[in-house]
Every structure is written in structure tokens, then in C-alpha cells.
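Thank you all for coming this morning. Please take a moment to look at the chain on the screen, and then I will walk you through a few parts of it.

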Amino acid sequence: MSLYVESLPDQQPSSPVRGDRNKCPVPGTLYNMNTVEDFQGLDRGDLLKREAKKIWDDICSGRAIEEGTLLLRFFVISFADLKKSTFSYWFAFPALFLNPPATLVDIRPASQFFNLDEAKSLSVSLNEWRNSKLTTDVPFFLVCISSDEHATIRPLRELEDCQHDAKRLLFGFYDSCNGKYPGWPLCNYLALICSRWKLEKVRFLCYRESNRGFPDLGRSLVGEALVSVPQEWRDAQHVPKSLGWELDGEKLSAKCVSLARSMDPLRSAEIAADLNLKLMKWNVFKDMDLETLTTVKCLLLGAGTLGCQVARLLMSWGVRKITLLDNGRVSMSNLLRQNLYSFDDCVAGDMKAVAAVKGLKRSLPSVKAEGVVLSIPMPGHPISTQDSSNVVEDCKQLQNLIESHDVIFLLTDTRESRWLPSLLSANANKIAINAALGFDSFLVMRHGSGPISSMPKDGEKVEDASASLPLGNSSASRRDGGPRLGCYFCNDVVAPIDSTSNRTLDQQCTVTRPALASIASGLAVELLVGVLHHPDGIYAPGDIAHSNISNERSLGILPHQIRGCLSQFSQLTLVGHSSNSCTACSDAVVSEFRSRGMEFVLEVLNHPTYLEDLTGLTSLMKSASTFDIDFDIDSNEEGDI
């Protein structure tokens, strides 16, 4: 007996499974236990009795005569310990117990029972039976030897005709055993013969084949058994006793197979890494899209405290394609807060982007991680003429990275370092997730889609190749007609400028409470997973806490911004719409970038106030500073106020 993958179909087939020359399908039941305690605590006696009753019912109803495979019912109990990669199982082949037992009076090789003519005719008939699509998977049959030594194979339902026509009659069956005694199928076969036809002397043929798949009368057996109908079988409610648990060597116990040593360690790590996700999908999150999570490509800008945390959490969600960008080196102050780095990385002076990839692969060698050492050009950090070509190349490389990834995480230390990635993400209409830390506060947000009105008109030529990128159906507004969500810079009234040059060393360092980065990183990754599973994706509106939507979706609400304060242990979900004066994602800025390309970027880097002039912030601030409040004061006749 062999159990194949196709033995366990995804769903019950509508029509019976047919066999072929090499396979005879038999019905079986798999009882898979969820815990080892359930497996060990099974009432095996009761289980065997229930399965044996199925065979007995088929004998009593006559179904076993038409469907002989019902006599070969089996079942298996199993338990898979997925963490230890061990698999315990125990097969049972219920065999009805005759009381008194059958007496075997003769057993010999079939080649010694039949003469040459009978043997030749029988081999031809057996071969025809096995080749026919109608009978190849019928394991129980009649062998009729006529007076002229001609052998024919007949179905069991023709027994009465064979008893009148045949000189000799044998009950044949496919014997799955290969020893000098008949196999276990004979037990249930004799029970059928004894119960249905009340025969007391049964001659049988244990049909076996050669290694090449043809009848082998030298290995096949012919025997004769004496049987009698037990008295209790006359009771319609009686179920015969049964045997059938498979031995493990000489012991009556389950078999246990350890796959740990035989498995590829890399494959074992992948299976273990995906186990929690599969259990989540099975038990709670039925709509989880594992394929999307596995194939989504994430670009992490910044490999510091936030970047390390986000990368690890992305892998926990099944993300396997991660690129980390940073231009710093691992320092001693990083080791406790940034969990992808080791002391050796610091001593060796490794670049963070490279060391972070090594850290990820230490946890999961199969992750497709890449490190990019690159400095992000920033507004307010002027570029000299001789360096402009190098900066342009850095900008183009960053643009290519953003366009080749599906999700962009903005995790850098300074505000101005997020401007160019925000612009490029809006231009390419990419999902952008932003996480920023204070001492005891944090902001996590997802950027809205890019502005559709900045797309070139038909026939219009633009210098930058990115202008041809499709932005989808809606970015100036959501698909439901509402305004699009804002980006990190939409609430600013000034352009991003240099925030580090005039700071002391302690002011330049990111000083935060140690747990803050973990909280913000976790929310950032969960926010991405929510976007990927939302039907509107990047166009999804911002939800507010305590919304009824939390009961409709497996993952709950999908906010736009999450602002938290650790000193108050508080958290707010806010919605901020895009601003027409935004210095990063507004129509004016994206259109100017598409028309002028890197020339525009260089001008912004050297003259950050240019963004304020372009977006109208300059005129807005001037009007605000010159705004006068006039009081309309009425005086009385006496001149008193």
C-alpha cells in the first residue's frame, strides 16, 4: 500500500477515481490531530471498530460485491510537529476476525497448481483483465477453469453462472504482500464469501506480478481454506471483531519520521519563517494574500534604528525582497538600538547598508536583500559646481530605485532628507510610508497618491522620462471623489532646509526613548500590510479610530496618520489631505520636476526658498505678515468710547 500526493485531493471528486495498470485506488480516511496529546489520547480500539463496521456494512448490503475495493478500506492517524519537523503516523488495515478462524489446508505456488495449458491461458486472461480500463482496478474476481483447460476471469456477481460452467473455481484477489503466505486482504474476502454465499470450502488465488508488471504464477499462490459462519454473524446488529494496526518492526506502535536531518537547512528556515503566517491565514486572517507579501519589493531609506526594526518586521510578514539605502558606517552607539548590527561590524567599519543585509541573512539566508550605499541630496545643502554631476547621478540612482520598487519607507534622521524621496514617490505614484521620532513622540503615516493633473497632455513632450509613468485613475482626488491624502510636507508653511549644520553634537544625534522606535516601526509595517490588503490600495481613504470599519476587515481600520506620545501613553489617528502649496507632492512641484528634471532638483538643493516661491508659500507668508485687523468703532455724541 502506498499513499501518494494525489491520494489527498483538494476536494472530493464528483466521480469515482479510476485506476490504471500500476495503481488500484482504495478508500481510506486520514485522521490528522492538531496536538500530540490528541494523537496519543485517541481511542484506537473504538476507531478500529468504527472503520471495521464500514466494511461489514458494505458486505451485508452487497456493495462489496460490486465495489471490491471497499474490502480494502484503511485509515491512518497522524500528527505533524511543524516546529521539530517530525511526523508521527499509524496505519490500520481493518481485517474482520473469523470465529472460529479459517483453517488453511493447502498453500502452494500457482505454477505448481495449474498445468502448462491452464497456466498459459490463465496468464493471458489475467493480463487482459489488468489491461482493460473497466477491470484493471477491480481487485477481487473469479477464476474459472473449464473442462478444456481454458481459463477466464469473471466478476464476483457472476458466481452462480461460474459454479455451473467451470470445472474448477477460484476466488482471486490482488495480493499486496510478497511472502509465502496470503496477504491481509484475504481476511475480509473470506468474510464476504462466508457471509454472502455460505461456502465452507474456499479455493483462492493470491495474484502477484513480476517486477516488470506482468502475471507471475511462480510468485502467486493458490490455497484452500475451510471456513464456517460464526453464530453471532446471524445477528444483523453484530459487528465482527477486527485486527489491523500496522507494526513498527516488532512493536505495536506508531511510526515517527524526523525530516530535520534530511531537509535542506535553508528550506527548513523558510518553512519555519512562514509557519506563523500560515497559521494566521488558517485561523484568523482568511483573506491574507501571501503571494503579494512575498513578491512586494520594499525600499528602506535609512538603515538606522527605524530601518533595522522595519526590515526585521517586514520579513516576519513574509516580505522577501528588501533594499536598504544608507551612507553611514556602523558605530558603537548603534549596537544596542539597531538590531541588525554586531560588534564585529563596528570594529570592521562596515557600511550600514552592507552590514544590514548580512544581519538579515543571518536570520533568513533566503531573503533577497540588497544594500545600497548612497547619500540622499537634501534642500538647504548647497552643491558646488564640481560636485553637481555626482549629485545628479545620485539623484538618478535614487529615482531608479524608487521606480523599481513597490513600497518606499522614509526612515531617515532629518526632515530635509525626506523631501526628494517624497517627490520621487509622488511622481512614480508609489506607496510611501513615513516614520519619524521625537524624544517621546512619533509620527507614522502613509503618503497619498501623486497628483494626476501633473501628467503630460497628449502630444506634449517632456524632458524627464518619468513623465510617461502612469499614475492610475485618481490622484488629484480619490476614486470615491474625495480629496487625496497628504504627504509628510503637506502641512508645512516653509520649505525643508538644513537642520543639522548649526547644531551641537548632542543635538545632531537622534535622542529618543529606547522603545519608541520599536513602536513606530511596528505601526509602519502594519500600515503597509493594511494598504496591500485594502481593495483601493494607495487610494484608500484614511480611517479614524473607533470606526465601524474595524469590525468589517480582518486587520481593522486603515488610518492615514498615527501620532503617539509615550509620556502620556496616548495615540491618535488623524487624516490630513493634500495641500496645493505642498513643497513635495503638489501639482506645481511634480509638474516642474517632470518638465525640468534634475535641473529643477539642483536649483532646489542650492536655493530651498525656490520651493516656497513655486508653491505660493512666499506670497502666503507676505500676505500674512502684512494683514491688518481693522476695528469698526462707533463713537457717541459726546466723543466717549
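This is a predicted model: local features need pLDDT of at least 70, side-chain atom pairs count only at pLDDT 80 or more; totals for chains, interfaces and linings use all residues.

What percentage of the 641 residues in the chain do buried residues make up? Buried residues make up 45% of them, where buried means under 20% relative accessible area, exposed means over 50%, and partly exposed lies in between, with a 1.4 Å probe and protein chains only.

Residues are numbered from 1 along each chain as its sequence is written, and side-chain values use heavy atoms, with hydrogens and water left out.

The chain has 20 helices and 19 strands; these are DSSP runs numbered from the N terminus, with helices being H or I of at least four residues and strands being E of at least two. If we take contacts, meaning heavy atoms within 4.5 Å, between residues at least 6 apart in sequence, then 70% of them join residues at least 24 apart.

I would now like to turn to helix α14, residues 419–428. Ten of its ten residues are buried, and among them are W419, L423 and A426.

Which helices does α14 meet? One of them is α13, residues 388–403, whose axis comes within 10 Å of that of α14 and crosses it at roughly 45°. Axes here are lines fitted to C-alpha atoms, for helices over the stretch in contact, and angles run from 0 to 180 degrees between N-to-C directions. The two helices, α13 and α14, are therefore oblique to each other, since angles under 35 degrees count as roughly parallel, over 145 as roughly antiparallel, 65 to 115 as roughly perpendicular and the rest as oblique. On the α13 side the contact is made by C395, L398, Q399, I402 and E403, and on the α14 side by L420, P421, L424, S425, N427 and A428. These residues divide into seven nonpolar, three polar and one charged, where Ala, Val, Leu, Ile, Met, Phe, Trp, Tyr, Cys and Pro count as nonpolar, Asp, Glu, Lys and Arg as charged, and the others, Gly among them, as polar.

The other is α17, residues 587–596, which packs against α14 at an angle of about 85°, with the axes 10 Å apart. So α14 and α17 are roughly perpendicular to each other. Here L423, L424, A426 and N427 of α14 meet V589, V590, F593 and R594 of α17, and by class this contact has six nonpolar, one polar and one charged residues.

Let me finish with some single residues elsewhere. K358 sits in helix α12, residues 352–363, and counts as partly exposed because its relative accessibility is 37%. Leaving aside residues up to four places away in sequence, K358 touches D345 and D350.

E149 lies in the loop between β5 and β6, and K198 in the loop between α7 and β8. At 27% relative accessibility E149 counts as partly exposed, whereas K198, at 52%, counts as exposed.

Finally, a cis peptide bond joins N99 and P100, with omega about 10°, and P100 is found in the loop between β3 and β4.
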